[in-house]
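Biologist: I am new to this structure. Please take me through how to read a few of its features.

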Amino acid sequence: MADAAAIKEWQQRAEAFKPLNLREIEAPLGELHDHLTLRSYIVGYSCTEADLTVWKALRANRIAHAYIKQGLMVNLSRWFKFIEETEKPVLDLPARGAAGKGEAGKKEAKKDEASYDIGLQDTEKGVVTRFPPEPSGYLHIGHAKAALLNDYFAHKKYNGKLILRFDDTNPLKEKQEFEDAIVKDLELMGIKPDVCTHTSDYFQELYDECVKLIKSGGAYADNTPQEILRDERMKKIDSKCRGMSIEESLKHFEEMKEGTEEGQKWFIRAKINMQDLNGAMRDPVIYRCTPEPHHRTGSTWKCYPTYDFACPVVDAVEGVTHALRTTEYNDRDAQYQWFLKACGLRHVYNWNFARMAFVRTFLSKRKLTKIVDNGSVWGWDDPRMPTVRGIRRHGMTIPALQEFILQQGPSKSITLMDWTKFWATNKKFIDPVAARYTAIESKDKVSCTVAGAPAAPRSEMKDKHAKNSDLGKKKVVFSKNIILDQADAQSFAQDEEITLMNWGNAIVRNITHSLNPMGLLPGPPPKVTSLDLELHLQGDVKTTKKKVTWLSTDQELVPVKLHDFDYLLTKDKLEDDDDFEKFLNPNTEAVTECLADCNVADLKEDDIMQFDRKGFFRVDRAFKNGEAAAFFQIPTGKQNK
């Protein structure tokens, strides 16, 4: 018989799962998760009131329920689903599928999907979020998620305020070019910050806070070499400078401020706890000396705060209420809160969400900068780059980017995503509005004579998109002289009936090959050099197996280059100790030269269109002065790009 005292204890502990605040219930959830490691039930070997009471408390709390559904605590999720399935009558649950019917079912489904109800604290007092990029590169897709989520909670979820703050504390890496690009990219993503600031606006305040911290005994000057410092922090060994007097630390900080030769040997560390299990709390560096001119403040300052120190201080000064950032900062949340308390600043809540991670992709700004600098890619807007500009140049539309990222939500679960869903989301947006055109590969194109075609070339105006007449008309030329792709021609059999798309059926009457006409000699199959076709317009297009694209040569054909891109990496996921350059893909671009129909001459840069049977493309360079137009192929999800 189950332990009555244990059942009562868990019934009482169920109260801990009721607060609509994830931070308050995370610890109780963790305890329950650990308790269920080797158990099917909370108490004993069958379902008891302990299971039912706790389950109901969790299910009634939308924050707890949404968290459990993420599957981050596998034991808890397993138990929750098991009780739900086996105890339906006792729990008074509807049969599977019933909740989807009627208004009540719709409300329930909507509640289950409310993944953005993450329990931000004290929102009734106002919500102010911030997006603090370092202007040392262009925004990548990970930054886009952070920016869109901060914008969502500030402007859509709550009637709050979003601050764009440039974290410009490292003059060695930062440029005005990057600031301008970030502002433009945010604008393109539909993000309108309420105010734009710079950490450099607060250099004096940050310096003053550091002086106060030193005077209070909360920080000290150190000149330990970097390798020794790193080793001491790993081994929890106090620095030889940790006991330095306040006067000595202030003296060295003044030398840092002046940028003297001696000052450049020193840095300031927060005095927290070198024995802490959390490495972020082992006396982190908060100021360093960098005498190079700053792109905004010039030579006014010679020492600069680190991000870890500047961020909480400026957040508090600017009135940020909720600092939303990726889960890589989990260990630094305690450090963040320590700085707020040590400096006597107003409280700011932390909330962490999962960073974006894709297969065969790296988002490290250091690595991205390296491949830009060494010429592995054309620049920050290269379509192979995971930057906002890169993926836009590859053909991603802003509405699709917004939808995809917001679909991920503020979950804490980090998963390595394939690009398939990303590009499939984009296809939903471009398919209905991409005009259709025709292109034939220039290499080994096959000339055809069409019997039954008009004696003189004629043209018709047809819809650019069969399902969207609003896109307008295009000119289609019909004549006895046409060209086909070599691959299509090689697939034809004598007297086979085929379909010429947007024209009708035709019968293959004669096929002329190059040398090796019977394919008896070793080597590749023979190439088709010409075809004779006979129109059979009364034929049923539904019965033919081959429906091919074609172009009349009695029009001004447009030379185009179709670019297709592959991943930058050959490995799905880089490990921490991997040399990423060893896994750079040496072959990331394929270019196919084609001839396109006359209408393509009117396309402009950034237009998105489709070449029938070849895919969707973005116009990167329009046709001009006889120079071939450049088209970048847009993945659709099927190509795994």
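Modeller: Start with the record: an unreviewed UniProt entry annotates residues 547-620 as "domain: tRNA synthetases class I (E and Q) anti-codon binding". UniProt positions are given in the numbering used here, feature names are shortened, and annotations may be inferred rather than shown by experiment. This is a predicted model, where local features need pLDDT of at least 70, side-chain atom pairs count only at pLDDT 80 or more, and totals for chains, interfaces and linings use all residues. Residues are numbered from 1 along each chain as its sequence is written, and side-chain values use heavy atoms, with hydrogens and water left out.

Biologist: How much helix and strand do residues 547-620 hold?

Modeller: Helices (H or I, at least four residues) and strands (E, at least two) are DSSP runs, numbered from the N terminus. Residues 547-620 are 0% helix and 41% strand.

Biologist: In which sense do strand 16 and strand 17 pair?

Modeller: Two strands pair if DSSP finds at least two bridges between them. Strand 16 (residues 497-500) and strand 17 (residues 504-513) are antiparallel, with four bridges; Glu 497 has Ile 507 as its bridge partner. Strand 16 also runs parallel to strand 19 (residues 547-548), joined by two bridges, with Leu 500 opposite Val 548.

Biologist: Which residues of helix 9 are buried?

Modeller: Buried means under 20% relative accessible area (1.4 Å probe, protein chains only). In helix 9 these are Phe 178, Glu 179, Ala 181, Ile 182, Asp 185 and Leu 186. They lie on the same side of helix 9, because they cover an arc of only 165 degrees around the axis, taken from the directions from the helix axis to the C-beta atoms.

Notes:
Buried < 20%, exposed > 50% of the residue type's maximum accessible area, 1.4 Å probe, protein only.
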